[in-house]
Amino acid sequence: MQISDIRIIFMGTPDFAVASLDALIQAGCNIVAVVTAPDKQAGRGMQLQQSAVKQYAFSKQIPVLQPEKLKNETFIATLKALQPHLQIVVAFRMLPEIVWSLPPMGTINLHGSLLPQYRGAAPINWAIINGETTTGVTTFKLQHAIDTGNILLQEPIPILPNENAGQLHDKMKVIGAALLVKTIQQLAFGTLKEIPQSELTKSAAQSIKHAPKIFTETCLINWEQPAENIYNLIRGLSPYPGAFTYLDGKKLKIYQATIDNASPKNIPPGTFVTDGKSELKIAALNGWLHIADLQLEGKKRMNVASFLRGYRHLLP
């Protein structure tokens, strides 16, 4: 079988998914329809915004479906009428069984980790927050429990010491797209072997880490933590949603910092120290975080020198 013989419905919404959709089209895959999120109001004018995947699909004249509810009878009937052999999911919402079980070849998901590690909504963020030096991408078959289906292919990706979640995201979407194409090619050639995740979890049961959704409380910096933990939190939440602390009762997001392991003797964690010009450091449990890029609530994001020009009262 040629990959062009496989009728594929692609499901995804953000820019991360566009890279995969583009790679599949460039490889000659037959994308018969795209399913993406409904248009949403956004921006100051509250104008309707189309998802990145919808915009790309329109540019390629691919039919687009935007169901409010995935169990809607009309939507299900439309999927069946398209007669897909396979569905591919990249950065989309959780599918009901009536949808993921519909194609005879199943539904394949691209996930931003080396499963079974970091199952969940935010694998890129949590890998960096936890100080990992390696992550990866995985293609797997969907089944009942989220992110637990049989593994198809995996590709390890190094996490660089200064890399943040945005940079890793951009690297991962390209590598993930290539892995997805490779997966479909092997599926077409009949050389793909499925590996149950249970075989991998037996040996790693004590060290399985999860990647739950990021909430506001996750982003609040605890300055009584070691400096390295705080540094990883800042990287793992940059550029979005952003790790934060408080300054004069206002939320202060920190996007970039460096570590200074010099002990802040007799200085309480969370203390701001600055020269008023180009240096702003905050005491942690066992070191300092030198802040480089930040944003005060109600203000624009800026480098530390620009910030200090308007915040002279931090000087001792």
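Reader: How many aromatic pairs does the structure hold?
Author: This is a predicted model, in which local features need pLDDT of at least 70, side-chain atom pairs count only at pLDDT 80 or more, and totals for chains, interfaces and linings use all residues. Residues are numbered from 1 along each chain as its sequence is written, and side-chain values use heavy atoms, with hydrogens and water left out. Rings of Phe, Tyr and Trp (its six-membered ring) pair if their centres lie within 6.5 Å, and planes under 30 degrees apart count as stacked, over 60 as edge-to-face and the rest as tilted. By that rule, the number of aromatic pairs in the structure is two.

Reader: Why is the pair of Phe244 and Tyr246 edge-to-face?
Author: The ring centres of Phe244 and Tyr246 lie 5.6 Å apart. Their planes stand at 85°, so the pair is edge-to-face.

Reader: Is Phe244 buried or exposed?
Author: Buried means under 20% relative accessible area, exposed over 50%, and partly exposed in between (1.4 Å probe, protein chains only). Tyr246, at 45% relative accessibility, counts as partly exposed. Phe244 has a relative accessible area of 4%, so Phe244 is buried.

Reader: Which residue lies over the face of Phe244?
Author: A charge sits over a ring if NZ of Lys or CZ of Arg is within 6 Å of the ring centre and within 35 degrees of the ring normal. For Phe244, at 4.4 Å from the ring centre, the residue is Lys251.

Reader: At what angle do the axes of helix α1 and helix α6 cross?
Author: Helices (H or I, at least four residues) are DSSP runs numbered from the N terminus. Axes are lines fitted to C-alpha atoms, for helices over the stretch in contact, and angles run from 0 to 180 degrees between N-to-C directions. The axes of α1 (residues 15–26) and α6 (residues 165–189) come within 8 Å, and they cross at roughly 35°.

Reader: How many nonpolar residues does the contact of α1 with α6 have?
Author: Contact means heavy atoms within 4.5 Å, and the residues that meet include Phe16 and Leu24 in α1 and Met172 and Ile184 in α6. Ala, Val, Leu, Ile, Met, Phe, Trp, Tyr, Cys and Pro count as nonpolar, Asp, Glu, Lys and Arg as charged, and the others, Gly among them, as polar. Alongside three polar and two charged residues, the nonpolar ones number nine.

Technical notes:
Helix = DSSP H or I, 4+ residues; strand = E, 2+ residues; numbered from the N terminus.
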